[in-house]
Structures are given as C-alpha cells and as structure tokens.
Amino acid sequence: MPQDTLLISDLHLSQARPGTVELFLRFLREQACRAGALYILGDLFDAWIGDDNTLPPAPEVIGALRQLSDGGCRLSVMHGNRDFLLGEDFARATGARLLPDPCVVELGVGEPGGQPTLLMHGDLLCSDDLEYQQARLLLRSPEFIRDFLSRSIEERVQLAAEYRRRSGEVISLKSADIMDVNQQTVERYMREHRVRQLIHGHTHRPALHEFQLDSKPAQRYVLADWHEQSGSCLRIHDGLILQETCG
C-alpha cells in the first residue's frame with residue numbers, strides 16, 4: 001500500500017522560537033515518521049549561516065531529521081531565501097536530498113502513477129519585487145557566499161541578524177501585492193516545465209488557486225508558514241491533496 005507524502009515550508013526555526021522547534025520535532029516523531037516521503041520547500045531555518053553551524057537548534061533538528069530518514073522516510077529539502085546556504089554536509093548529516101529550485105517530481109495525485117508537479121520555494125514567482133530579486137542574485141553569488149563563509153561564526157550570526165533587520169524594514173514599506181506572486185510568472189514556469197500543478201511556499205498565504213492554463217485546468221497550492229502554536233502540511237493520500245494541522 002503506497003505511503004503518504006507530506007509537504008511543508010516556512011518553519012523559520014530559530015533559538016528565539018522554541019515553541020516552533022518543539023512543534024516541528026513532535027511533527028517528525030508523530031506524523032512524518034509514518035509517511036513515505038517528506039518535502040521541505042525552503043526556510044526550514046530562519047537563518048542558516050553555514051553547515052559548520054552548531055548553535056541551537058541546529059544539532060537537535062539535524063539529529064531528528066537523521067532519525068526520520070534512517071526510519072525509511074525519504075527526506076527532500078529545498079533552499080529558501082533564509083537558508084540557501086544549506087549544503088552537502090547538512091545533506092549527509094540528515095540523510096536528505098537537496099532539491100534544485102524549481103524541480104519537477106511525480107506525486108501520486110489524481111492520476112494513475114502520479115502527476116508531474118512543479119515544486120518551488122516561491123520567491124522566484126514574486127517577480128514584481130524587483131528590489132528583492134536583485135538582492136537575491138547578490139546574496140547567492142559565489143563571491144558573496146565565499147566571503148560570508150570565510151568569517152567566524154560570531155560574525156556570521158551578527159551579519160545574518162542585520163540582514164533580517166534590514167529586510168524587515170524594507171518589507172514594512174512595500175505593498176502586499178508587490179510581495180505576492182505574479183500570475184504571468186507562475187504560468188511561465190508551469191509552461192516551461194510542462195506541468196499543470198505547482199506547490200510552493202514563501203508568501204505565507206496558504207490557499208488553493210485554480211485557473212486555466214492554455215485552456216486546461218491548473219492548480220497552485222501555497223503552503224502555510226509555521227508559528228509557535230500551529231503548523232500545517234499538505235498530505236497526499238490516495239490521490240488527494242489534503243491540508244493537515246501539525247501539533
């Protein structure tokens with residue numbers, strides 16, 4: 001009997017959010033352990049300063065993910081805008097497969113054998129936010145990453161905190177529409193990858209959007225962000241996509 005597949009994103013785990021960390025660890029122990037696969041579509045951590053990071057909650061989370069993958073759950077992790085420095089050492093420590101953004105996977109939804117589904121973190125879809133897209137290119141450049149990782153852990157912690165502070169100030173000045181996805185960009189990515197189903201996070205606006213793509217029905221599922229007292233996932237069960245509360 002096929003096992004369920006779970007998809008989550010935007011947990012933003014950090015030492016400052018112990019309730020969210022505990023909620024996630026409980027989710028791994030009680031729900032994900034019974035699934036056949038778990039996809040984490042970005043921003044598992046509120047900031048990832050490098051695979052040599054041993055500050056809480058990294059060791060505990062890595063250990064729990066390792067236990068999950070050792071138990072037989074196929075673990076796949078995609079970079080988000082907060083944890084794009086997750087690397088091969090993290091993947092080896094957890095038993096995870098690092099996914100490119102975007103990527104297409106076969107999910108057992110609606111059709112025999114599964115349906116090609118486009119997975120993304122979601123920030124690439126927010127193409128109206130030109131300032132963010134330019135900053136994204138800079139932060140992910142080899143030169144920036146090399147310089148950042150050459151610094152001490154203490155310096156990286158301070159820099160990450162400063163980037164988050166500046167980002168929060170900038171976001172507060174932008175309209176909500178600019179920070180949401182652009183529908184034309186959504187359709188472009190779906191056409192390029194020849195899919196009619198997209199699942200992503202990033203925007204913190206959980207919903208199911210149904211529309212016509214080249215005169216055929218298409219769906220876009222947006223994953224929810226997690227909080228101290230609540231989280232959620234998409235569960236694929238018997239060909240259906242179900243929203244499920246975690247914790």
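User: Is aspartate 70 buried or exposed?

Analyst: Buried means under 20% relative accessible area, exposed over 50%, and partly exposed in between, with a 1.4 Å probe and protein chains only. Aspartate 70 counts as exposed because its relative accessibility is 55%, while arginine 66, at 30%, counts as partly exposed. This is a predicted model, in which local features need pLDDT of at least 70, side-chain atom pairs count only at pLDDT 80 or more, and totals for chains, interfaces and linings use all residues. Residues are numbered from 1 along each chain as its sequence is written, and side-chain values use heavy atoms, with hydrogens and water left out.

User: Which residue forms a salt bridge with arginine 66, and where do the two lie?

Analyst: A salt bridge is a side-chain nitrogen of Lys or Arg within 4 Å of a carboxyl oxygen of Asp or Glu. Arginine 66 pairs in this way with aspartate 70, with 3.1 Å between the closest N and O atoms. Both belong to helix 2 (residues 58-70), four residues apart, or about one turn of the helix; helices (H or I, at least four residues) and strands (E, at least two) are DSSP runs numbered from the N terminus.

User: What does aspartate 180 pair with?

Analyst: Aspartate 180 forms a salt bridge with arginine 205, the closest N and O atoms being 2.8 Å apart. This pair links distant parts of the chain, 25 residues apart, with aspartate 180 in the loop between helix 6 (153-172) and helix 7 (183-192) and arginine 205 in the loop between strand 7 (197-200) and strand 8 (207-213).
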